Amino acid sequence: MTRREYDLVVIGGGPGGYVAAIRAAQLGMSVACIDQHARLGGTCLRVGCIPSKSLLESTERYREARHALREHGVLVGEVSFDLTAMQQRKEQIVETLAKGVAALCQQHQIAVYQGHGRLQGPGQVSVQQGDQTALLGAGRILLATGSRPATLPGVELDGDRIGTSTEALAYDQVPRRLVVIGAGYIGLELGSVWSRLGAEVIVLEALPRVLPGTDLELAKLAQRVFEKQGLQFRLETRVQSARVQDGQCVVACEGAEPIECDRVLLAVGRVANTQDLGLASVGAEVDARGELVIGEDFQTTAAQVYAIGDCVRGPKLAHKASHEAVACIETLAGHRAQVNYDTIPGVVYTHPELASVGKTEEQLKEAGVEYRKGMFPFLASGRARTLGDTEGRVKILADTITDRVLGVHILGLRAGDLIAEAAAAMEFGASAEDLAHVCHAHPTLAESLGEAAAAVHQRAIHVAPPQRARAGKS
Ligand code: FAD
Ligand code: AMP
């Protein structure tokens with residue numbers, strides 16, 4: 001069998017893998033990128049970020065047309081929806097973007113292989129597609145194999161009625177009653193999609209809170225807003241099993257009555273794809289969670305084998321994977337590059353959105369860090385009023401001694417876009433005072449960041465003064 005030689009062979013064509021392949025090509029390496037799917041773009045593009053945001057946007061437009069236009073004086077007749085058209089729009093977006101990724105790879109002269117990639121000892125990778133196998137020689141190998149939905153013992157996934165996010169992105173009918181297992185961001189985003197279209201959605205969560213890992217105060221506030229929108233939450237409810245019985249899905253929980261429904265969405269996290277990769281042939285090790293062990297330079301325990309993205313430690317987010325991709329390749333090429341894990345933002349694309357960067361209050365308390373807190377509610381924002389969307393607030397946490405911004409948490413309309421300013425500020429080591437001095441255009445939602453930063457030092461303009469000062473007494 002002839003063996004093609006490359007400077008770099010990347011296994012996985014997601015936002016980790018394809019970004020790494022392009023950056024390596026830009027730096028003059030000969031590159032091959034392997035993915036088992038015909039469409040490049042990975043989970044993110046095929047069954048993750050992009051299709052979920054497409055459905056979230058379409059269903060939010062529907063909700064708005066039904067409930068929010070009247071207050072603007074816009075009267076529409078009866079509003080209905082076409083699920084097939086929503087799904088087709090989603091497919092179209094995915095296809096267009098996937099073609100874009102393929103074109104970029106072609107323009108960068110990256111050899112794309114479709115098939116299952118597997119390590120075959122140092123410097124060698126096989127690509128298997130059906131009964132065809134190709135062998136690639138690699139100066140260096142990058143593993144960017146991503147992740148898949150975590151399963152729960154007792155939950156019998158049937159790829160249809162009891163499924164994961166992949167199925168919930170493609171339902172061809174609105175479920176009458178949908179049970180979502182897990183109140184993480186995937187469960188809440190897809191729960192919102194189907195709730196907006198009329199499904200009764202019940203979210204079961206083992207912990208006493210929603211959105212674990214996010215700032216508790218804002219997560220509680222978000223839960224109340226989602227409840228007003230119709231989502232039902234059963235917290236401290238541990239699911240034991242889910243199966244199809246006599247044509248119905250039945251979900252059994254510890255210490256509670258079983259719940260009948262017509263669909264179940266299992267959303268209890270994601271696990272790294274590190275199985276069937278030939279890791280032992282090079283000596284690359286995984287940790288107890290099944291994630292590839294890497295050092296600061298992204299090298300695994302095997303020489304010249306690197307790993308990034310969802311298959312290694314850290315948040316399972318597309319932009320984290322892409323940032324690691326660039327840092328890894330630039331390091332390989334001898335540049336100085338690293339990822340600042342303290343400033344990776346996270347966004348929940350519900351309505352309103354919940355976006356965060358840096359530490360939560362709970363994390364600061366646990367670490368014993370002294371901090372000050374500044375808050376600003378969107379109720380007091382002129383722009384939020386004109387948009388008709390005043391739910392939520394901005395919260396800024398700053399070090400008491402240095403005033404450095406340690407965390408920013410936003411619940412509100414377009415919070416996912418607003419958080420970019422906070423991430424930039426933190427990247428440059430800004431203080432709350434620095435952020436308060438930024439001149440924000442009026443009227444914008446971003447002004448609320450400036451006000452929350454000023455509130456860290458009780459200097460926000462558009463909030464009521466403390467009782468004592470208002471009464472003029474000392
Ligand atoms: P992946 O995107 O998983 O790509 C890995 C690729 O490698 C896949 O195409 C896989 O098929 C392929 N592969 C694996 N093993 C092999 C092999 N042996 N041979 C060949 N090919 C292989 N993140 C965000 O940042 N924002 C969001 O809004 C967001 N929304 C999400 C919504 C949903 C419903 C889901 C499921 C995920 C979402 N994510 C989101 C997470 C995001 O999709 C992942 O963090 C991201 O895709 C990780 O990128 P990656 O390149 O590491 O892996
Ligand atoms: P994430 O990891 O952000 O996708 O969130 C997954 C959520 O599922 C977490 O909030 C977990 O607490 C929750 N979870 C895990 N196991 C169970 C279970 N058996 N029953 C209900 N919720 C669970």
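Visitor: Before we start, what counts as a salt bridge here?

Guide: A side-chain nitrogen of Lys or Arg within 4 Å of a carboxyl oxygen of Asp or Glu. This is a predicted model, where local features need pLDDT of at least 70, side-chain atom pairs count only at pLDDT 80 or more, and totals for chains, interfaces and linings use all residues. Residues are numbered from 1 along each chain as its sequence is written, chains are lettered from A and ligands numbered from 1 in the order in which they are written, and side-chain values use heavy atoms, with hydrogens and water left out.

Visitor: Thanks! Which residue does Glu-391 form a salt bridge with?

Guide: Lys-228, with 3.6 Å between the closest N and O atoms. Across the interface of domain 2 and domain 3, the rule finds five salt bridges.

Visitor: And which elements give two or more residues to the domain 2 side?

Guide: Those are α6 (185-196) and α7 (216-228), helices being DSSP runs of H or I with at least four residues, numbered from the N terminus. With eight residues, α7 gives the most to that side.

Visitor: Switching topic, where are the domain bounds?

Guide: Domain 1 is 3-148 + 271-339, domain 2 is 162-268 and domain 3 is 345-455, from an automatic or database domain assignment.

Visitor: How much area is buried between domain 2 and domain 3?

Guide: About 1500 Å², with 62% from carbon and sulfur atoms; buried area is the accessible area (1.4 Å probe) that two parts lose on being put together, summed over both. Asp-215, Glu-217 and Leu-218 supply 36% of what domain 2 buries against domain 3, more than any other three residues.
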